[in-house]
Amino acid sequence: MPEEGPPAVENPVIVAIDGPSGTGKSSTSKAVAAKLGLSYLDTGAQYRAMTWWMLSNGIDVNDATEVATAAGKPAIVSGTDPSAPTITVDGADAAGPIRSQEVTAAVSAVSAVPEVRSRLVELQRSAAASASVGIVVEGRDIGTTVLPDATLKIFLTASAEARAARRNGELTGPAAADLAATQAALAKRDAADSGRKTSPLAKADDAIEVDTTELTLDQVIECIVTLIEEKRAAR
Ligand SMILES: Nc1ncnc2c1ncn2[C@@H]1O[C@H](COP(=O)(O)OP(=O)(O)O)[C@@H](O)[C@H]1O
Ligand SMILES: Nc1ccn([C@H]2C[C@H](O)[C@@H](COP(=O)(O)OP(=O)(O)O)O2)c(=O)n1
């Protein structure tokens, strides 16, 4: 009789989901991870947390040298349960403040600084390495730089109008009335994120592009779950 060894452990499934703002990365990634029992990591939240710390500590976010010097200071911790993702900075809950307009306006400048990126990429790789079943990681450079060996890479797109309308739907008060301003702010952030030198927003050569303009969120989730299941079946 063959000796009983430890149970076979399947290779963890690593899913990279990249794309510009408002394409549905966060909603899709959380839902896919929850459906398949995978962990979930929002890397944009980490760049926002770094930016919030810089703004709260009087760092000039437009001074790349100052940002680089401070990049090692905040302790950023992400909770990876897709049904209740968390983010703390130096032990304080940062989930609310990282979504402020001030942080949104400053995050592209902070995330262009190589010292910020190397610090956060290290956290992202370590989260992926410790996910025993697998993880869905969303951002801008996950397929190209952070996890180039991911099991599946998705690049989400949607028209500029659809993305602005979706983002605008989340705003309250006078800001919600100004769809043109929302679209202009998105375009500005896209240009900065795609144009920076270090690890810009880009589709990996082996990523599958999914245009979500005409799809419901449920259709996008279903599409990605199917692609993951196909990858799993092929292994
Ligand atoms: N396919 C879709 N159709 C309509 N609305 C969507 C779709 N995907 C996402 N949304 C909505 O658009 C907004 C932005 O989605 P989000 O997942 O935060 O995008 P991203 O992470 O790419 O910025 C959210 O309010 C979300 O509910
Ligand atoms: N992997 C990543 C993720 C986000 N960033 C930067 C660039 C983005 O404009 C900001 C914020 O990302 P986030 O995903 O929270 O942005 P939105 O949800 O689209 O508003 O962080 C990045 O440089 N690299």
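Two strands pair if DSSP finds at least two bridges between them. Keep that rule at hand for this tour of a predicted model.

**Stop 1: the sheet.** Select β3, β4 and β5. They form an open sheet of three strands, ordered β3-β4-β5, and the pairing is antiparallel. β3 (76-79) and β5 (92-93) are the edge strands; each has a single partner, so one side of each lacks a neighbour in the sheet.

**Stop 2: the β4-β5 pair.** Colour residues 86-89, which make up β4. Two bridges join β4 to β5, and the two strands run antiparallel. Now show Val89 and look across to β5: Ala92 stands opposite.

**Stop 3**

**Stop 4: the ligand shell.** Move to ligand 1 and select the 16 residues around it. Which come nearest? They are Gly22, Lys25, Ser26, Ser27 and Arg167. By type, the shell divides into four nonpolar, eight polar and four charged residues. Next, colour α1 (25-36), α7 (160-170) and α9 (217-233); each supplies at least two residues of this shell.

**Stop 5: polar contacts.** Start with the oxygen atoms of ligand 1. A polar side-chain atom of Lys25 lies 2.8 Å from one oxygen atom. For Thr23, a backbone N or O atom lies 3.2 Å from an oxygen atom of the ligand. Then find the nitrogen atom of ligand 1 that is 3.4 Å from a polar backbone atom of Leu217. Finish with a surface view: the protein covers 77% of the 560 Å² of accessible area that ligand 1 has on its own.

Key:
Residues numbered from 1 in each chain as written. Chains lettered and ligands numbered in written order. Predicted model: local features only at pLDDT ≥ 70, side-chain atom pairs only at ≥ 80, totals over all residues. Heavy atoms only, no water. Near = heavy atom within 4 Å. Polar contact = N/O pair within 3.5 Å; in protein donor to acceptor, adjacent residues only side chain to side chain. Areas by Shrake-Rupley, 256 points an atom, 1.4 Å probe, with all protein chains shown as cover. Helix = DSSP H or I, 4+ residues; strand = E, 2+ residues; numbered from the N terminus. Nonpolar A, V, L, I, M, F, W, Y, C, P; charged D, E, K, R; others polar.
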